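Trainee: I am new to this structure and would like to go through it slowly. Please show it to me first, and then I will ask my questions one at a time.

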Amino acid sequence: MANKMPLRLLKISYDLSDTNDTQRLPFPMLELHTHTTQSDGSLTPTELVNFAAEKGVKALAITDHDTMAAWEEATAAATAHDLEIVPGLELSTVYNGRSMHILGFYPDPNKLQAPLQERVDGRHRRARKMADKLAELGFPITLPDMPHSMAPGRPHIATALKQAGHVNSHNEA
């Protein structure tokens, strides 16, 4: 009887920030989970594409939370590089009382536009409630201008707290 080995999944992680500006990766890199400023990332779609291209990434998935807003800008920016943009999404849900984050790639934008807009609208309401609650607690903030397509999250609240002088860093927030 053949010895059956259990299937093992291997996750290889390579932190792009560990490479210096002139160092390129020793192998073709696929980055399949990134966020832009359209959700909780720190780089605009163009900045993320340029950074990935500088590091030797060959395929870059844009997987913002609940929004497809960065795909067009990222795809346009990638034309200047040998870089494929993989359109994607990260959706959060709860299953059996546990939070889950689900990545999806190459979704049909026509089928997702309306439900995603509902989620983004909910994120805008939640950000406003958080700002109101912080003001009640004595920490008034001004939320940044957020386009209707942007999915605001905790990093946007942290930035507002820092700009208002209530905290010294995003980590403190």
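Trainee: Of the contacts in the protein chain between residues at least 6 apart in sequence, what percentage join residues at least 24 apart?

Mentor: Keep in mind that this is a predicted model, in which local features need pLDDT of at least 70 and side-chain atom pairs count only at pLDDT 80 or more, while totals for chains, interfaces and linings use all residues. Residues are numbered from 1 along each chain as its sequence is written, and side-chain values use heavy atoms, with hydrogens and water left out. A contact means heavy atoms within 4.5 Å. Counting contacts between residues at least 6 apart in the protein chain, the part that joins residues at least 24 apart is 61%.

Trainee: In what order do the elements of the protein chain run from the N terminus on?

Mentor: Helices (H or I, at least four residues) and strands (E, at least two) are taken as DSSP runs and numbered from the N terminus. The protein chain has four helices and four strands. Read from the N terminus on, their order is β-α-β-α-β-β-α-α.

Trainee: Which residue forms a salt bridge with K58?

Mentor: A salt bridge is a side-chain nitrogen of Lys or Arg within 4 Å of a carboxyl oxygen of Asp or Glu, and a search of the whole structure finds five of them. In the one formed by K58, the closest N and O atoms are 3.5 Å apart. It links distant parts of the chain, since K58 sits in strand β2 and its partner, 24 residues away, in the loop between α2 and β3. That partner is D82.

Trainee: R119 forms a salt bridge with D66; is D66 buried or exposed?

Mentor: The closest N and O atoms of R119 and D66 are 2.8 Å apart. Because R119 lies in helix α3 (residues 109-136) and D66 in the loop between β2 and α2, the pair ties together parts that are 53 residues apart in sequence. R119 counts as partly exposed, at 33% relative accessibility. With a relative accessible area of 4%, D66 is buried.

Trainee: By about how much of the helix are D132 and R128 separated?

Mentor: The side chains of D132 and R128 meet in a salt bridge of 3.3 Å, N to O. D132 is partly exposed, with a relative accessible area of 38%, and R128 is also partly exposed, at 41%. Because they are four residues apart in helix α3, their separation is about one helical turn.

Trainee: With the side chain of which residue does the side chain of H33 make a polar contact?

Mentor: H33 lies in the loop between β1 (29-31) and α1, and at 37% relative accessibility it counts as partly exposed. Leaving aside neighbours within four places in sequence, H33 is in contact with A61, T63, E90 and L103. A polar contact is a pair of N or O atoms within 3.5 Å; within protein, one must be able to donate a hydrogen and the other to accept it, and residues adjacent in sequence count only if both atoms are side-chain atoms. At 2.7 Å, the side chain that makes this contact with H33 is that of E90.

Trainee: In which element is confidence highest?

Mentor: pLDDT is the predictor's confidence in each residue, from 0 to 100, and its mean over the protein chain is 85, with 84% of the residues reaching 70 or more. Over residues 1-14 the pLDDT is below 50, and beyond near neighbours in sequence this stretch has five contacts in the model. Among the elements, confidence is lowest in α4, at a mean of 88, and at 97 it is highest in α2.

Technical notes: Buried < 20%, exposed > 50% of the residue type's maximum accessible area, 1.4 Å probe, protein only.
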